[in-house]
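Open the model in your viewer and keep the selection panel at hand. Each stop below gives something to select and what is there.

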Amino acid sequence: MRDTGKTNLSAFSVNDLEINRIRYDSKDAIIKTTKLNPSMGKNSEQVFDQINLYIESFIDAKINIPTILHREFSPEEIVYICEDAGDNVFASFLPKNIKKTIEDGEVLASIFDTLYKAQSHDIHLDPHPKNYVINGEVIKYVDFTPPYSQEYYDLRLSVASESQKPVLNDFFKCFEPSEIVIHFLGDLLKIDREIYDYAETIFELIKERNLTKLDYKNFLLRAEEVVIREKKREGEGIFLL
């Protein structure tokens, strides 16, 4: 069923996640293996069920995601094999490429469409550009671990130390539907400070789509707060799954 000849894509993940290109049932595929912290591993079936419900929420909202070919779990890891839906769009948002990405408009339009659908269906998600892939003109959202939702937050907090809880609570706010467009700009700013030169232009595109009611000054301040929250969790080495 599963052929090797892997191409590793794990650099695009901040979780304990291994991502490789493989052949599966004679198809080009991606295998995503999420290693579970022992404290979450004892709840692996619950985590697996939450991820599957999370995937269904994307499908219900008509958010483009890769076709799932296989899924399995154990106390040590959760594995998904999906169609290979294309190349990551992250490089499109590097300083040397972002002007062209803004001018072309297609990648941003697809991302904003995903964020609009998520807001409309009350879906929490991570809007970072590393979570999108492109094949021709088709862009798909590929990140469903962790399964950002109140059920996941409650489960993760149940095994957190007292010192970790306020950090995680602040971090989880970044994924709320009302925050995800702000979060998107924060993620761009975190890529490179040169992106500040394009921040107001990106904000205007967000405003044109009625994805925020904030003015630019407050939107930028909120985006910078997202960066602080994310760096706080990363700096303290607090795991997610």
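Select Asn135 first. Asn135 is partly exposed, with a relative accessible area of 48%; buried means under 20%, exposed over 50% and partly exposed in between (1.4 Å probe, protein chains only). This is a predicted model, where local features need pLDDT of at least 70, side-chain atom pairs count only at pLDDT 80 or more, and totals for chains, interfaces and linings use all residues. Residues are numbered from 1 along each chain as its sequence is written, and side-chain values use heavy atoms, with hydrogens and water left out.

Stay on Asn135. Leaving aside neighbours within four places in sequence, Asn135 is in contact (heavy atoms within 4.5 Å) with Ala85 and Gly86.

Strands (E, at least two residues) and helices (H or I, at least four) are DSSP runs, numbered from the N terminus. An open sheet of 3 strands has the order E6-E7-E8, with antiparallel pairing. At its edges are E6 (87–88) and E8 (138–141), each pairing on one side only. Two strands pair if DSSP finds at least two bridges between them; E6 and E7 (residues 132–135) have 2. Pick Asp87 to find Ile134 of E7 opposite.

Move to strand E5, residues 77–83. Here 5 of the 7 residues are buried. E5 pairs with E3 (residues 27–35) in the antiparallel sense over 7 bridges. Ala29 stands opposite Glu83 in E5. E4 (residues 68–73) also runs antiparallel to E5, joined by 5 bridges. His70 faces Ile81 across that pair, standing opposite it. A hairpin of 3 residues links E4 to E5.

Now the helices. Which residues of H5 are buried? In H5 (residues 150–158), they are Tyr152, Tyr153, Leu155, Arg156 and Leu157. Their cover includes H1 (38–41), H2 (44–60) and H6 (164–172).

Finish at H7 (residues 180–191) and H9 (residues 216–235). Their axes come within 8 Å and cross at roughly 65 degrees. Axes are lines fitted to C-alpha atoms, for helices over the stretch in contact, and angles run from 0 to 180 degrees between N-to-C directions. H7 and H9 are therefore roughly perpendicular to each other, a term covering 65 to 115 degrees. To see the contact, select residues including Val181, Ile182 and Leu185 in H7, which meet H9 residues including Phe219, Leu220 and Ala223.

Methods:
Parallel < 35°, antiparallel > 145°, perpendicular 65-115°, else oblique.
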